[in-house]
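Let's take a walk through this structure together, one site at a time. Keep the 3D view open as you read.

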Amino acid sequence: MKFSEIEYIQIDFEDIKNKYNQLTEELKNTNNKEEALSIISKINELNVEFDTYYSLASIRNSIDTSDELYEKAQAFFDEVSPKHQELVNNYYKVLINLPFKEELKNELGTLLFDRIDLSLKTFSPEIIEDVIEDNKLSTEYSKLIASAKIEFDGKILNLSQLGPYSEDNNRELRKAASDAKGKWFCDHINEFDEIYDKMVKVRTRIAKKLGYENYVQLGYDNLGRTDYTPEDVKNYRKQIYETLVPIAQELLEKQAKRINIDNPMPYDYNLDFLSGNAMPHGNTSEKVEKAKQMYDELSKETSSFFRFLVENELMDLETKPNKQGGGYCTYIPKYKMPFIFSNFNGTSGDIDVLTHEFGHSFQVYSSKDIAIPEYIWPTLEACEIHSMSMEFFAYPWMSLFFGSDEEKYKYCHLKNAITFVPYGACVDEFQTYVYENYNATPKERRMKWIEIQKKYQPHLKYDELDYYKEGIRWFAQGHIFGSPFYYIDYTLAQVCAFQFKNMMDENKEKAWDTYVKLCELGGSKSFLNLLKEVGLMNPFNDGCIEKVMKPLREYINSIDDTKF
Ligand code: ZN
């Protein structure tokens, strides 16, 4: 069925609620496993129904925000989804208290029960008001960021419109753009400080109400991390600091040489080549045609799946009036269809959508037949492995998109991937400091940021720059405000994707088979058990990063970057 042919049906939430409550009651009163499994599968069907129309409403609303039908539908789901979550929680509570739950674990896997334990541990009616306050603060932050109106180059620009100036060949212009941005953040320093300070306080309060010492472990539990701890992540950051930071510095020194700068300042590092970045050729339909060729040649699985996406209109790629910004991949459970949304803008980012978001969609399609809906998607750090690795699997076809700039694209892509990891560790170490030292003042936090950033990104001399010496650079990093402790996930996934890159250079077939197996497992296992199952190294183990980086460093250093 084509996406446009899927009919949107307005669900009757009262009806779903009554059925849900009735089934939950039946589950409570049953005394045998077979009957319980049959009730669970009926509950799953209700969830599929709810999630399907929620997903359809969100997709169609994001494609055309002026369409009133879907604007209303979206508002309806925003309103009822916490109520649906409450039904799910009630069902979970009954499930984990069944006297024969051990028998059910054999059928449903222990992971579901571990996750339920976590979700119950992280919730209590006592915290509802605090959670609402936290959400309001996140909205306040987003509004503040969106309100930026910066006078520059004779225009009034928002933060993303200022972006291209920071990559300009003209150094004075880059500096001016950086100053304008820094000044705007400094002009609003009290507002950012206040929002974040309130966030730290409310999150700490929630943690204490739930019996935690501070927010750190609660943050991990909220992310469903069942098999690693803040201590593991601390040790992982140490590996990054000792092994990856020097390699990143080497690449950044080369970059400064390439763009002819003797004493590089932070605003210089957005410029990679004096000759400009690699740009993909062709319009959207030409890019899709090339992607089709790429996925035909990559494997039989990707060939049929990409055709499935195209034939069923499951990608909305082009920027259009009234379309929301950004990009995502989501899933429509009843029809077992992924959906890719993006805004092409003619840069190499367009190709990243066709590889990265395609990787997400390929995973969810590969795991669509897992009978337990909770196991279709894995936790977030595992999700990004599929997408980031697909970016590497696509390397041999980059000449289709970039022509003679193929190598330039690959060099820059890999350099950005490597230099990103220390930044990710910096964001994580900062948040750990913040929530462990929840009584620190906003100024102490900002000074700590400078200290931590110097450790992981010693090339960035922000303390020598007006405005930035106030320690405000992280105000622009939305995850620190809205998604605490999530950021390290990108680095964990990146280290796993690097392993796929190394594996494909050694044995293409083995790498591909391993990847397909990982995608098929979906979320049926925890992060570390997924890695174990397919034979990937655990990033938390000492020596992992060193092993992963050795061949990558050789590969990237074998490319003569002075020719770009
Ligand atoms: Zn992603």
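Four residues apart in helix H14 (residues 349–366), His-356 and His-360 are separated by about one helical turn. An α-helix has 3.6 residues a turn, so residues three or four places apart point the same way. Please keep in mind that this is a predicted model.

## Helix H1 and its two sides

Now turn to helix H1, which covers residues 13–29 and has 17 residues. From its first C-alpha to its last it reaches 24 Å, close to the 24 Å expected at 1.5 Å a residue. At the start of H1, Asp-12 brings a side-chain oxygen to within 3.2 Å of the backbone nitrogen of Glu-14.

Which residues of H1 are buried? They are Phe-13, Ile-16, Tyr-20, Leu-23, Thr-24 and Leu-27. Seen down the helix axis, the buried residues of H1 fall within an arc of 105°, so they line one face of the helix. Helix H2 (33–63) and helix H3 (68–96) are included in what covers them. On the face of H1 turned away from this buried side, you will find the exposed residues Gln-22 and Asn-29.

## A buried aspartate

Asp-561 sits in the segment after helix H23 (544–557). Its relative accessible area is 6%, so Asp-561 is buried. Leaving aside residues up to four places away in sequence, Asp-561 touches Lys-254, Arg-258 and Tyr-411.

## A leucine in a loop

Where does Leu-210 lie? Look in the loop between helix H9 (189–209) and helix H10 (215–222). With 18% relative accessibility, Leu-210 counts as buried.

Leu-210 and Lys-121 are 89 residues apart along the chain, and their C-alpha atoms are separated by 7.5 Å. Lys-121 is also one of the residues that Leu-210 touches, residues up to four places away in sequence not being counted.

Key:
Residues numbered from 1 in each chain as written. Predicted model: local features only at pLDDT ≥ 70, side-chain atom pairs only at ≥ 80, totals over all residues. Heavy atoms only, no water. Expected span 1.5 Å × (residues − 1). Buried < 20%, exposed > 50% of the residue type's maximum accessible area, 1.4 Å probe, protein only. Arc of directions from axis to C-beta. Contact = heavy atoms within 4.5 Å. Polar contact = N/O pair within 3.5 Å; in protein donor to acceptor, adjacent residues only side chain to side chain.
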